[in-house]
Amino acid sequence: MARPASHRKSGPLATPIAQTSTFSFASSADLKRYLQGEAGDDGELFLYSRYANPTVRELEDTLASLEGAERALAFSSGMAALSTAMVSLVKPGEEVLAGASLYGGTSKLLRNILGPFGVTSRFLSLDDLGRLDQFVTPRSKLLVFESPTNPQVDVIDIEAVCAQARKHGLVILFDNTFASPVLQQPLSLGVDIVMHSLTKSLAGHSDVVAGALAGQADLIERVHRTAKILGGCLDPHAAFLTLRGIKSVHVRVERACRNALALARALESHPKLEEVRYPGLPSHPGHEVARRQMKAFGSMICVTVRGGLTAAERVFDRLGIFERAASLGGVESLATLPVHTSHFGLTETQLAEARVAPGMIRLSVGIEDEDDLISDLQAALD
């Protein structure tokens, strides 16, 4: 976003990298100002980069602006952001309600990490999220979900789910990685905290790992106190690279969305595919909700190949332009097999709950030539 002319300063156009672990103070008076939360003569004071850093702070301010948030907090990865938030917001004996269709790392965090510490989790189907009232108990404190979902790009009515959660006083944590703030503004729909893997479309060049939270200032401050202790801070150079990526995020996302829609339309009737799931297709069950709450339909497509995992692996191995790589949201088009990547290690029951089929291929559509991407998929299928 452009800054008002009155806020512009002379100096470097690109954000300087404050590549330092610690900061010196001119005097004990400045140190006291820092401890009291006051600014120094030259602006904000910093003590130690695990707590805060000027380059990282610039990124946080930018993210808050993009999401319409009171405050944002950057982390060393999306999972660092998510785990720090959950540790801050729930305690032993309490319960997390979560969408069953989640990034695999999120469900593993809930089951395998928080579970042994006494935090229980219940995973709710798409339909169950629509009747959240029936599942809330006095122990329920946190709701975690995403839309579009990973990997099957289901679309959830964010505003409707949040309206139910708010009646019960749940804190609402929402993963906005697939859509990005370019396409979707969850805070305006009732979410309390938005999480991002900045690694994906916001940084956008497959060269940085980072994460962030954005939302209400009091909740973000609560998480920040925990973050200072757990130490999942973002390196200032990674913050610089993410800021560089954000400068082009609107252009990249818009191009990727156009490519994805063209590709989904070209594949929708292919005889070797059981299903093509993309919110931009009228055949998608969440198409109308997506039209209402998203500015475009995203860059993620999930296809299910007839013949199961063996057939999907054969198509996967024949791809040319699409790189066989995890992650998403970069300038390059990527393909993954969810059962071998994001959801690897889940039991058959857990995969069924998450509605992840063996024959699924998740496609992250990049900014290459539209016709080349269509030809690549068609050749791999044929």
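Hi everyone, let's begin with D175, which is buried, at a relative accessible area of 14%. Buried here means under 20% relative accessible area, exposed means over 50%, and partly exposed is in between, using a 1.4 Å probe and protein chains only.

Before we go on, please remember that this is a predicted model, where local features need pLDDT of at least 70, side-chain atom pairs count only at pLDDT 80 or more, and totals for chains, interfaces and linings use all residues. Residues are numbered from 1 along each chain as its sequence is written, and side-chain values use heavy atoms, with hydrogens and water left out.

Back to D175. You will find D175 in strand β5, residues 171-175. Strands (E, at least two residues) and helices (H or I, at least four) are DSSP runs, numbered from the N terminus. Which residues does D175 touch, not counting residues up to four places away in sequence? They are F145, E146, S147 and M195, where contact means heavy atoms within 4.5 Å. The side chain of D175 also makes a polar contact of 2.7 Å with the side chain of T177. A polar contact is a pair of N or O atoms within 3.5 Å; within protein, one must be able to donate a hydrogen and the other to accept it, and residues adjacent in sequence count only if both atoms are side-chain atoms.

Now for salt bridges. A salt bridge is a side-chain nitrogen of Lys or Arg within 4 Å of a carboxyl oxygen of Asp or Glu. How many are there by this rule? The count comes to 15.

One of them joins R71 and E221, with the closest N and O atoms 2.6 Å apart. This pair links distant parts of the chain: R71 is in strand β1 and E221 in helix α8, 150 residues apart. R71 is partly exposed at 22%, and E221 is partly exposed at 27%.

Next come D157 and R292, whose side chains meet in a salt bridge at 2.6 Å, N to O. D157 is in the loop between β4 and α6, while R292 is in helix α11, 135 residues away. Is R292 buried or exposed? R292 is exposed, at 53% relative accessibility, whereas D157 is partly exposed at 25%.

Finally, D207 and R244 form a salt bridge, their closest N and O atoms being 2.9 Å apart. D207 is in the loop between β6 and β7, and R244 is in helix α9, 37 residues apart.
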